[in-house]
Amino acid sequence: MSVSRIGAVSAIALAGALALSACATENPAPAGSTQGAGSSASAGNVDCFSGDLAAEGSTAQKNAIAQAIKSYQEACADATIDYNATGSGSGIKQFIAKQVAFAGSDSALKTTPKDGKVEAEEAKNACGSPAWNLPMAAGPIAIAYNVNGVDKLTLNGEVAAKIFNGQITTWNDPAIAALNKGVTLPSTPIKVYFRSDESGTTENFTKYLQAAAPSVWTADPGKQWTGKGEGKEKSAGVSAAVKSQDGGITYVEWSYAQQNQLHMAAIDTGSGPVELTGETAGKAIAAAKQVGTGNDLALKLDYGTKEAGVYPIVLVTYEIVCSKYADAEQGKKVKAFLKHYASADVQKSLEPLGYAPLPAEVLTKVDTAVDAIS
Amino acid sequence: MSTTSLPTPTGQPTESRAAGRSGRAGDRLFSGATTISGIIVIGIVTLIGVFLIAQAIPALLRNNANFLTSREWSPGGDHPRFGILEFLWTTVTSSLIAMALAVPVGVGVALFITQYAPRWLRRPAANLVDLLAAVPSIVYGLWGLLTFRAVIRPFEQFLQQKFGWFPLFAPTPISGGTIFFIGIVLAIMILPIVTALSREVFDQTPAAHKEGALALGATHWEMIRTSVLPFGKPGVISASMLALGRALGETIAVTFLVSALAGGTPWTWSLFNGGETFASKIANNAAEFSNPNKTGAYIAAGLVLFVLTFVVNSIARVVIERRKAFSE
Amino acid sequence: MTMTAHDETRPGGTGSGARLGTTGGTGTSTTPTDPGRRDLIESMDRPHRGRAIKDHVARIVMWGSFVLAVVPLVWILWTVASNGFHMITTSLWWTGNQRNINTTDAGGGARHAIEGTLIQAGATAAIAVPIAILTAIYLVEYGRGRLARVISFMVDILSGVPSIVAALFIYAVWVTTFGIDRNGFAVSLSLVLLMIPTVTRSTEEMLKLVPNELREASYALGVPKWVTIVRVVLPTAFSGIVTGVLLGLARVMGETAPLLILGPYTKNFQRDLFNGNMPTLPTMINEDRSDFALSTAAERMWGAALTLIILVLLLNLAGRFIARRSAVAK
């Protein structure tokens with residue numbers, strides 16, 4: 001203890017010296033001052049807590065929850081919320097190990113046994129009460145590509161599945177050309193990039209491929225990629241790889257496709273090409289069915305949808321919470337923050353960040369469920 | 001000697017018998033402390049070993065594929081199938097490329113600094129190379145990904161076009177982190193380790209050896225070959241092994257850079273193929289270690305890396321043992 | 001010797017030798033042993049010209065190696081500095097944190113991460129350095145027989161533990177077995193595992209280089225062994241030991257993998273090693289790396305990388321200063 005304290009003291013002393021030298025040359029600024037113009041929710045109806053709240057999980061919702069945290073902390077100066085975007089599986093693991101108050105996950109807790117364990121049961125044991133899945137943000141998955149001279153592309157489920165499992169290997173393949181009349185496609189080889197880490201994005205995307213083209217995509221959907229191509233690490237890795245490679249294509253969260261200014265394919269579900277927008281993706285969420293019971297709002301998306309104007313490849317990212325926290329204080333904190341996250345103002349601020357808005361009826365249910373957390 | 005220049009809390013050794021007794025007690029205390037430290041190290045390694053083996057065995061027992069020769073990796077589910085062949089190949093090959101580049105250059109730099117550089121350049125040169133050691137591996141990862149990749153890529157394409165007939169240079173569709181590229185980045189990362197320790201050792205070459213060689217009429221290079229290098233050899237080997245250990249286990253930079261292969265990709269000997277190393281595979285997937293069996297599969301892979309390093313180090317040990325400590 | 005003759009027949013190959021030599025030429029230099037000595041004696045009788053040329057080639061090769069090593073260094077430093085310079089010249093960088101600053105927002109401070117990195121590195125060094133140096137002393141000065149061999153092997157094995165495995169091990173002990181929340185100290189413990197072998201090995205090498213005559217002279221004066229070690233052997237090897245410690249420290253300060261498992265990031269100040277998430281520069285880099293396509297995040301990422309390099313560098317300078325002062329004292 002005392003040894004590490006000495007380390008700490010000397011460390012702080014060094015940091016202090018650095019800070020002083022920096023201040024000497026420029027005007028000192030107040031420590032921890034907030035900066036940057038961000039849209040903040042109206043502070044009026046925010047229920048503030050003071051103290052720390054830790055959460056961990058999905059990378060897909062990182063920017064959404066960061067926005068919610070920012071506006072919450074701006075309204076509540078004494079509150080500190082950390083969200084570590086390490087991955088859905090990690091979030092659930094830490095939640096079960098009681099390392100975090102709630103987890104972010106791209107898929108609801110599994111209710112069927114896997115390797116002799118049921119996630120939902122484990123979470124229930126950890127909480128001492130049933131754990132709930134609360135949808136908080138919808139992240140459309142873009143099929144992003146980089147082909148010289150092609151800035152508009154339409155794919156359907158079958159062609160996409162063939163591209164991603166290596167059956168179609170060049171951009172001027174007749175199957176692609178048939179969907180893109182009037183577009184000059186080059187003979188560039190197709191380079192598929194996939195997520196080399198296990199990911200909820202991969203799981204949801206392969207669910208779509210299987211639902212839309214069951215005869216082509218025969219592998220079971222899962223977090224591990226089962227198609228062809230070259231794997232890169234995380235969303236940042238695949239989007240950067242596509243950006244720097246002519247002929248590249250990948251599946252990636254909408255926000256990453258936007259950040260990297262990648263072209264995104266429109267999806268033809270049978271009733272004409274549908275571009276990826278907040279509205280078209282939102283429709284897919286609205287059509288989702290609730291599979292959880294009561295306040296457990298696990299949703300099931302219809303990836304095989306043929307409805308016009310619906311962009312089918314979306315993932316719903318949940319917050320996984322205890323319905324009743326053993327530590328009442330922690331329960332209050334989670335409730336206060338999620339109430340804010342689910343509020344209309346915050347939800348509205350997510351769309352520019354690459355998320356589809358949750359439909360009003362889903363939000364109402366989420367709000368009710370959050371109220372029931374204790 | 002320094003016995004009088006540095007004050008210590010305990011008695012002056014030059015004093016009579018009382019000091020002698022306290023010296024013996026001190027000796028026991030001190031040697032006891034050093035022994036305990038050594039035993040702590042044994043304890044730590046034993047614990048890690050027990051942990052690795054305990055986690056790996058249940059997963060290995062459930063494995064439906066040959067752990068050592070399979071290239072499949074699907075450790076989850078009810079019928080896990082996983083093997084490490086691909087990781088082993090990538091890890092070993094990229095580390096060998098790194099060693100082949102870094103050890104000669106590193107020793108060359110160390111010799112340059114200690115034997116060739118003009119006096120005014122020695123200290124700055126040494127500091128400059130140490131600076132390379134000060135660059136954290138995450139920065140190598142960023143630099144490799146965002147800057148260096150674009151420079152190596154044309155060179156790789158050239159090699160594939162001109163020497164594609166040679167199995168190691170066979171063309172592949174991989175555009176990102178090839179084994180070759182990883183090897184080069186690793187070489188840059190371990191260069192300062194090789195250099196820093198070799199330099200220290202070369203610096204200690206007894207002047208008598210060097211002057212003796214020169215007096216016999218040896219050229220500068222002959223003096224180095226006959227006195228400096230033999231003297232520094234154990235140190236250089238030791239430094240190289242440390243460096244190899246780091247190259248084999250380097251995690252975050254490789255994770256950023258490497259291109260994973262999809263399941264079922266045909267085998268090739270090409271250095272321009274992708275493929276994950278042990279460490280990058282574990283790190284990249286650590287977030288999804290959702291159940292003990294899956295975790296166990298990754299831990300088993302970690303165990304292989306552990307054994308690999310152990311073997312390499314044992315060989316080095318044997319080489320060094322042949323030259324006994326400080327009685328040259 | 002055929003090798004020598006072969007080399008001498010290509011005096012014109014100086015230029016290409018210099019280029020290739022950086023990878024191939026010095027390859028021979030790592031294995032010159034006793035045959036080398038015979039070689040020398042024989043070559044005494046040979047024409048002087050060939051030997052001079054070889055000497056010249058060697059000189060060029062050494063310079064070439066140095067230049068080759070400096071190129072990536074300058075390149076990396078330039079990349080990091082040119083991209084990160086802007087961030088670290090704001091005073092807020094050294095005083096503020098990242099609270100309420102999202103990836104799309106510019107600026108913010110890094111002081112929270114700087115403090116976290118230094119605190120964790122300090123705690124790591126405080127635990128690892130004594131163990132490592134004492135172990136090295138045991139191996140060189142006391143250890144004989146089986147125990148010494150076992151310890152020596154164990155150090156080798158420990159050096160082969162990848163950082164990610166060390167982190168998984170600590171996670172298994174800390175969280176799974178004892179059920180303690182992850183914190184900065186858990187990170188330090190995993191870093192200790194990585195630092196011990198580096199420091200032990202380098203210290204060992206340095207201690208071995210201390211001439212035995214020094215020890216014997218000290219014993220002859222009636223100085224007890226432990227005093228000899230503390231006041232004769234250690235001071236003689238001091239600068240080398242410091243170099244080793246700094247290499248080890250540099251490695252652990254930039255280590256990222258264990259932090260991803262054991263040390264969740266926070267955008268807020270956190271100086272308590274034993275409670276809560278602790279921010280560090282590597283995790284800060286990692287946080288912004290996922291959005292490096294955004295200039296706001298990229299700038300911060302490079303800024304944090306530059307800061308990390310500067311920190312390690314300052315420690316290096318400090319260590320060098322200490323080493324030099326001790327050398328003067330000698």
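**Exercise 1. Two helices from two chains**

Task: Find how near the axes of helix α4 (residues 137–163) of chain B and helix α4 (residues 48–88) of chain C come and at what angle they cross.

Solution.
Step 1. The axes of α4(B) and α4(C) come within 10 Å and cross at roughly 90°. Axes are lines fitted to C-alpha atoms, for helices over the stretch in contact, with angles from 0 to 180 degrees between N-to-C directions. Helices (H or I, at least four residues) and strands (E, at least two) are DSSP runs, numbered from the N terminus.
Step 2. α4(B) and α4(C) are therefore roughly perpendicular (65 to 115 degrees; under 35 is roughly parallel, over 145 roughly antiparallel, the rest oblique).
Step 3. From α4(B), V139(B), W143(B) and T147(B) meet I76(C), T79(C) and V80(C) of α4(C). The residues of this contact are four nonpolar, two polar and no charged.

The model is predicted: local features need pLDDT of at least 70 and side-chain atom pairs pLDDT 80 or more, while totals for chains, interfaces and linings use all residues. Residues are numbered from 1 along each chain as its sequence is written, and chains are lettered from A and ligands numbered from 1 in the order in which they are written.

**Exercise 2. The side of chain B that touches chain C**

Task: State how many residues of chain B are in contact with chain C, and which helix gives the most.

Solution.
Step 1. In chain B, 94 residues are in contact with 96 residues of chain C (C-beta atoms, placed from the backbone, within 7 Å).
Step 2. Several helices of chain B each supply at least two residues, among them α1 (17–62), α2 (85–116) and α10 (292–321). Of the helices, α1(B) gives the most, with 18 residues.
Step 3. This side of chain B divides into 59 nonpolar, 28 polar and seven charged residues (nonpolar: Ala, Val, Leu, Ile, Met, Phe, Trp, Tyr, Cys, Pro; charged: Asp, Glu, Lys, Arg; polar: the others, Gly among them).

**Exercise 3. A strand of chain A**

Task: Decide whether the residues of strand β6 (residues 191–195) of chain A are buried or exposed, and name its partner strands.

Solution.
Step 1. Five of the five residues of β6(A) are buried, so the strand is largely enclosed by the rest of the structure (buried: 20 or more other C-beta atoms, placed from the backbone, within 10 Å; exposed: 12 or fewer; partly exposed: in between).
Step 2. K191(A), Y193(A) and R195(A) point one way, and V192(A) and F194(A) the other. In a regular strand the side chains alternate between the two faces of the sheet.
Step 3. β6(A) pairs in the parallel sense over three bridges with strand β8 (residues 248–253) of chain A, where K191(A) stands opposite G248(A). Strands pair if DSSP finds at least two bridges between them.
Step 4. β6(A) also pairs in the parallel sense, over three bridges, with strand β7 (residues 230–232) of chain A, where R195(A) stands opposite K232(A).

**Exercise 4. A proline in chain C**

Task: Locate P258(C) and list what it touches.

Solution.
Step 1. P258(C) lies in helix α12 (residues 257–262) of chain C.
Step 2. With 30 other C-beta atoms within 10 Å, P258(C) is buried.
Step 3. Leaving aside residues up to four places away in sequence, P258(C) touches S163(C), A166(C), A167(C), V187(C), S190(C) and L191(C).
Step 4. L317(C) is 59 residues from P258(C) along the chain, and their C-alpha atoms are separated by 26 Å.

How values were computed: Contact = placed C-beta atoms within 7 Å.
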